[in-house]
Every structure is written in structure tokens, then in C-alpha cells.
2 protein chains.
Amino acid sequence: MTTTQTDQTFMEAALAQAQKSYDEGGLPIGSVLVSAAGEIVAQGHNRRVQDGDPTAHAEVVCIRNAGRRRDWPELTLYSTLSPCVMCTGTSLLFRIPRVVIGENENFMGAEKLFTNEGVELVNLQHAGCIALMKKFIEQKPDLWNEDIGL
Amino acid sequence: MTTTQTDQTFMEAALAQAQKSYDEGGLPIGSVLVSAAGEIVAQGHNRRVQDGDPTAHAEVVCIRNAGRRRDWPELTLYSTLSPCVMCTGTSLLFRIPRVVIGENENFMGAEKLFTNEGVELVNLQHAGCIALMKKFIEQKPDLWNEDIGL
């Protein structure tokens with residue numbers, strides 16, 4: 001597989017997490033962490049609704065689920081949506097060098113912070129990620145605003 | 001009380017959280033969130049060791065404990081230590097307008113991100129915060145490095 005095909009495959013795994021959260025009534029944002037060997041080491045989705053936890057964005061949950069480790073600089077973080085400033089900061093703290101996002105049409109996160117720190121940021125403009133997020137924002141705008149601090 | 005005396009009082013509460021974590025074998029960093037009315041609405045301390053959660057920095061735990069709410073722009077965040085980029089991003093996401101820190105001698109966080117966004121950042125240079133953190137870093141340097149992504 002080319003790198004792009006691999007990225008597409010892992011984004012599908014992140015999107016499956018997003019769909020799972022949507023089906024639970026939560027925010028449809030998913031994330032996976034992948035090792036240099038191409039193995040998913042952790043996954044997660046937004047859990048604000050499910051757990052009542054405002055910090056439970058998909059990327060934070062995924063990194064939380066990865067547990068205590070020292071191989072962060074070898075991992076790639078996938079997220080269905082451009083990461084907000086909290087999730088960007090979390091990824092930067094652990095020096096994750098590569099971040100692949102599904103889209104930034106529905107929300108533009110703190111992408112400049114990534115590029116300022118030399119993180120490789122790839123936007124797949126994934127139609128499935130865009131459609132699911134757009135549907136949710138139209139259906140539950142107040143919940144969406146709550147999740148981005150508005 | 002003057003503002004400074006109030007800040008000192010709430011920093012003592014954050015330091016009590018830090019001491020609690022130290023006594024449990026964890027990282028001695030504590031945080032409290034205070035309302036405009038001067039009430040502590042949430043508190044927390046680092047829980048990396050206690051929960052095996054790499055995202056469980058004091059400020060994130062405190063904000064997590066505050067739960068789902070919309071009054072973030074009226075709160076003040078207290079932390080015994082200058083917040084790292086994850087905790088800074090978390091505070092910025094929720095538009096917390098004022099952050100009071102115990103010190104930045106043992107660790108300089110992402111303070112520029114706060115000031116870039118117009119957040120009021122106050123450093124108390126609190127002797128108790130400095131001493132407890134310094135003691136821990138000397139005693140457990142590897143655990144400290146793990147917590148800051150090294």
C-alpha cells in the first residue's frame with residue numbers, strides 16, 4: 001500500500017469510532033493512534049455526552065487509552081476532524097510527529113500550532129468524515145457549540 | 001481580602017491537592033477552579049501514577065471534574081505549576097480568562113499561548129509550590145520526565 005492508502009484505512013477506523021459515538025447519541029468524532037509498524041495501539045471517540053466529561057474529546061480519549069508509554073514520537077494520530085486547541089496541545093505535549101485529519105471544513109482547529117512545531121499535518125478531505133460531522137452539527141447545534149467551548 | 005490574598009488562599013487549596021498526590025506517590029501538581037463569586041467549583045491533582053492516565057494532569061483533571069457547564073468564561077484556574085501545552089490548550093478551549101500559577105521555576109509551560117490569546121496570567125512565585133515540586137523532581141526525575149513527554 002502507498003502511504004495514502006494506509007492513511008485512508010486508518011481514517012476509516014477513526015470514522016468507525018465516530019459513527020459509534022453518533023449511534024450512542026454523542027459527538028461523532030473518532031481517533032486512532034498508529035505505531036510505526038502500522039498497528040493501531042489505541043482508539044477512542046468523543047465521550048462528552050456518554051461520560052459528562054468536557055475534556056473527553058476523541059483525541060484526548062485515544063491518547064488516554066494509549067496509557068503510559070515512551071514511544072509517542074513514533075506514533076501517528078488520526079482524527080476525523082481538525083483537532084481543537086486542547087487536542088492539539090495534548091498531541092504536542094507527547095511530541096507526536098505526524099497527525100492525519102479527516103477534514104477541516106466543519107471545524108478548523110489549531111492547525112497553526114502543529115505546523116509551528118514542525119508536526120506533519122495531513123488533511124484527507126474525507127467525504128465520510130465531512131458528511132457525518134455536518135449531519136450532527138445540523139441536528140444538534142447546541143451540543144456541538146458546547147463541545148467547542150461556546 | 002485583596003485580590004492577592006484571595007489568590008494566595010486558592011493557591012493553598014491547589015497546593016493541598018498537590019500534597020495529596022505526592023502522599024499517594026504521584027506527581028505533586030494541584031489545581032482548583034474558582035467562580036466569580038469566589039467559590040471553588042472543582043479541584044484535582046495529577047493522576048498519571050494513580051490512574052495510569054497520561055492525560056491526567058492536574059488542570060485537565062480539575063476541568064474534567066468541573067463537568068459539563070457553560071460558565072467557563074467566568075472562572076479562574078489555579079495551578080501550582082506553569083501549565084504545559086496540553087493544559088494550556090484545555091484552558092484556552094473553554095475560554096477561561098484568568099489563570100493563576102504557583103510558579104514557573106521548575107517548569108516553564110506554554111505561557112506565551114495564554115498571553116497571545118489575551119488570558120490574564122498571574123505568577124505568585126509561591127515558595128511552597130516551588131519547594132514541593134523541586135523535591136519531587138530530585139526524588140523521581142524519570143517520572144517527572146515521563147509526565148512532560150520526555
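1. Start with the pair formed by helix 4 of chain A and helix 4 of chain B: their axes lie 7 Å apart, at an angle of about 180°. Since angles over 145 degrees count as roughly antiparallel, helix 4 of chain A is therefore roughly antiparallel to helix 4 of chain B. Please keep in mind throughout that this is a predicted model.

2. Which residues meet across this helix pair? From helix 4 of chain A come A:Val85, A:Met86, A:Gly89, A:Thr90, A:Leu92 and A:Leu93. Facing them from helix 4 of chain B are B:Val85, B:Met86, B:Gly89, B:Thr90, B:Leu92 and B:Leu93. Sorted by class, this contact has eight nonpolar and four polar residues, and no charged ones.

3. Now step back to the whole contact between the chains. Chain B contributes 32 residues and chain A contributes 32 residues. The two chains bury about 2700 Å² between them, and 61% of that is on carbon and sulfur atoms. On the chain B side, look for B:Arg68, B:Arg70 and B:Leu93: they supply 26% of the area that chain B buries against chain A, more than any other three residues. B:Leu93 is a residue you have already met, in the contact between the two copies of helix 4.

4. In one salt bridge the side chains of A:Asp53 and B:Arg64 meet, at 3.6 Å from N to O.

5. Which elements of chain B give two or more residues to the side that touches chain A? They are helix 2 (48-51), helix 3 (58-66), helix 4 (85-93) and helix 7 (141-147). Helix 4 of chain B gives the most, with six residues. By class, this side of chain B holds 15 nonpolar, eight polar and nine charged residues.

6. A:Arg64 forms a salt bridge with A:Asp53, with the closest N and O atoms 3.5 Å apart. A:Arg64 sits in helix 3 of chain A, while A:Asp53 lies in the loop between helix 2 (48-51) and helix 3, eleven residues away. Over all chains, the count comes to 24 salt bridges.

7. How do helix 3 and helix 4 of chain A pack? Helix 3 (residues 58-66) and helix 4 (residues 85-93) of chain A have axes 8 Å apart and an angle of about 30°, and are therefore roughly parallel to each other. Helix 3 of chain A brings A:Glu59, A:Val60 and A:Ile63 to the contact, and helix 4 of chain A brings A:Met86, A:Cys87, A:Thr90 and A:Ser91. These residues divide into four nonpolar, two polar and one charged.

8. Finally, turn to helix 3 and helix 4 of chain B. Their axes come within 8 Å and cross at roughly 30°, which makes helix 3 of chain B roughly parallel to helix 4 of chain B. The contact uses B:Glu59, B:Val60 and B:Ile63 from helix 3 and B:Met86, B:Cys87, B:Thr90 and B:Ser91 from helix 4. By class there are four nonpolar, two polar and one charged.

How values were computed:
Residues are numbered from 1 along each chain as its sequence is written. Chains are lettered from A and ligands numbered from 1 in the order in which they are written. This is a predicted model: local features need pLDDT of at least 70, side-chain atom pairs count only at pLDDT 80 or more; totals for chains, interfaces and linings use all residues. Side-chain values use heavy atoms; hydrogens and water are left out. Contact means heavy atoms within 4.5 Å. Buried area is the accessible area (1.4 Å probe) that two parts lose on being put together, summed over both. A salt bridge is a side-chain nitrogen of Lys or Arg within 4 Å of a carboxyl oxygen of Asp or Glu. Helices (H or I, at least four residues) and strands (E, at least two) are DSSP runs, numbered from the N terminus. Ala, Val, Leu, Ile, Met, Phe, Trp, Tyr, Cys and Pro count as nonpolar, Asp, Glu, Lys and Arg as charged, and the others, Gly among them, as polar. Axes are lines fitted to C-alpha atoms, for helices over the stretch in contact, and angles run from 0 to 180 degrees between N-to-C directions. Angles under 35 degrees count as roughly parallel, over 145 as roughly antiparallel, 65 to 115 as roughly perpendicular and the rest as oblique.
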